[in-house]
Amino acid sequence: MTEAKPDLLGSFGGAGAFDAHHPPARELVDDCVHCGFCLPACPTYSLWGEEMDSPRGRIYLMKEGLEGEPMSASLVQHVDACLGCMACVTACPSGVQYDKLVEATRQQVERRGAEHRTRGQRLLRSAIFALFPRPERLRLIRPLLALYQRSGLSWLVRPVLARVSPTLATMEAIAPPVGPRIPVPALVPAVGARRMTVGMLLGCVQREFYPGVNAATARVLAAEGCEVVVPPDQGCCGALSVHAGREAEGLGYARALVDTFSAAGVERIVANSAGCGSTMKDYAHLLADDPEYAERAAEFAAKTRDISEVLAELEPVAPRHPLPMTVAYHDACHLRHAQGVRAQPRAVLATIPGLVVKEIAEGDMCCGSAGIYNLTNPEPARELGDRKAANVAATGAELLVTSNPGCLLQITDALARQGREMPTAHMVLVLDASLRGLPPGALRG
């Protein structure tokens, strides 16, 4: 009898969990020595104490899949339960690239394991991705949401949604107050001598529900001598899709964004959303197999910076006015862990006279937003949000500051649910208030 030869994945007869298109790499799986340093950093292990809901447990399931075990409900369940916060990447002393492993595994789950999800779970994911990466569709629901918020019916609707659907209850609870749209011009000239030309990402949720953040980002960059190019026809960066394993969809968005900025003639491409910036910086990896886009994607990724990185890179020239208040700074996971950007936001805030920045206990622990996680896994997301809100409140700060719209939505809801009177704001709004000489009350209101 002829001995069976292993296929490209190391399984036999093609019966393993993964197909041959970018499975989790065996050499990366083997980097894990199961030391356990990731365990206290992992939010789901912290919640449940379940080995298979830790990074090393999930890596063990990936290894089984590479060695011939079929795609199973257990693998799908434990991978879906992962927030993708990448705290384990920061904590790992062996340099295990869990981010690459879980991304590859999620793509496999989307292609080969979706039947292990319930019909309701599949419909929910389809609805999420039909709406949230589509700013033109988000724009259509703005007036409906504004009408609902003005109606004052939330006291009646919320208890019903909580019984009917935790996901719908979460969506209703985290929705921010709908304010006026604030368009950003296609070109914002530098104030004074031009020091740099930058392109600016508008985002999807940021564009439609936090438009003031984009307007403030353009003002701050211009005040620091940047000419800001804002292509009006730009779409989604693909972050939500890529992080959820929807490869073809995510890469389609990525290609379109590369096309949009290719002729912009900018030195930097600025993101003010941590999740977006994380994916944009990864375009070189994501589009490496595409001969038409590989080189341009690499150039795009090399130019991409978080807003705090650009501001920290430039020596401040715009006068800061005192802003006497105490804030607590929350590190968005895809900024702190995925991008390794931790010092720069604090350095930017440190340039503001009178501002006191307090650190939050368990600062490296996810708030539970994690892209679409608080919609697909509302119960653990709520636990993590409550935990984060309690730690934020314990700082005694007057304002919670962060750099990601998802975190703002999640923590604002958690603070309100606990009856804590603490407003929240994007980091760039704090700097903008200082540059414009606004009082602290402008941020608290």
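1. A word on terms before we look around: a residue counts as buried under 20% relative accessible area, as exposed over 50% and as partly exposed in between, using a 1.4 Å probe and protein chains only. By that rule Met 86, at 10% relative accessibility, is buried.

2. Please keep in mind that this is a predicted model, in which local features need pLDDT of at least 70 and side-chain atom pairs count only at pLDDT 80 or more, while totals for chains, interfaces and linings use all residues. Residues are numbered from 1 along each chain as its sequence is written, and side-chain values use heavy atoms, with hydrogens and water left out.

3. Back to Met 86, which sits in the loop between α4 (73-80) and α5 (87-91). Helices here are DSSP runs of H or I with at least four residues, strands are runs of E with at least two, and the numbering goes from the N terminus. Although Met 86 is not a glycine, its phi is positive, at about 65 degrees.

4. His 22 is also worth a look: this residue is not a glycine, yet has a positive phi of about 50 degrees. You will find His 22 in the segment before α1 (26-29). With a relative accessible area of 36%, His 22 is partly exposed.

5. Which residues does Ser 46 touch, not counting those up to four places away in sequence? They are Met 365 and Arg 387, where contact means heavy atoms within 4.5 Å. Ser 46 belongs to helix α2 (residues 43-48) and is partly exposed, with a relative accessible area of 31%. The side chains of Ser 46 and Arg 387 are joined by a polar contact of 2.9 Å. Such a contact is a pair of N or O atoms within 3.5 Å; within protein, one must be able to donate a hydrogen and the other to accept it, and residues adjacent in sequence count only if both atoms are side-chain atoms. Ser 46 and Leu 384 are 338 residues apart in sequence but 9.8 Å apart in space, C-alpha to C-alpha.

6. Ala 390 lies in helix α22 (residues 378-393) and is partly exposed, at 32% relative accessible area. Leaving aside residues up to four places away in sequence, Ala 390 touches Gln 418 and Arg 420. From Ala 390 to Glu 292 there are 98 residues in sequence and 49 Å in space, C-alpha to C-alpha.

7. Now for helix packing. Helix α20 (residues 343-350) and helix α24 (residues 427-436) pack at an angle of about 20 degrees, their axes 10 Å apart. Axes are lines fitted to C-alpha atoms, for helices over the stretch in contact, and angles run from 0 to 180 degrees between N-to-C directions. α20 is therefore roughly parallel to α24; angles under 35 degrees count as roughly parallel, over 145 as roughly antiparallel, 65 to 115 as roughly perpendicular and the rest as oblique. Pro 345, Val 348 and Leu 349 of α20 make the contact with Met 427, Val 430 and Leu 431 of α24.

8. A second pair to view is helix α14 (residues 247-262) with helix α17 (residues 294-303), packed at an angle of about 75 degrees with axes 10 Å apart. That angle makes α14 roughly perpendicular to α17. Here Leu 257, Val 258, Asp 259, Phe 261 and Ser 262 in α14 meet Arg 296, Ala 297 and Phe 300 in α17.
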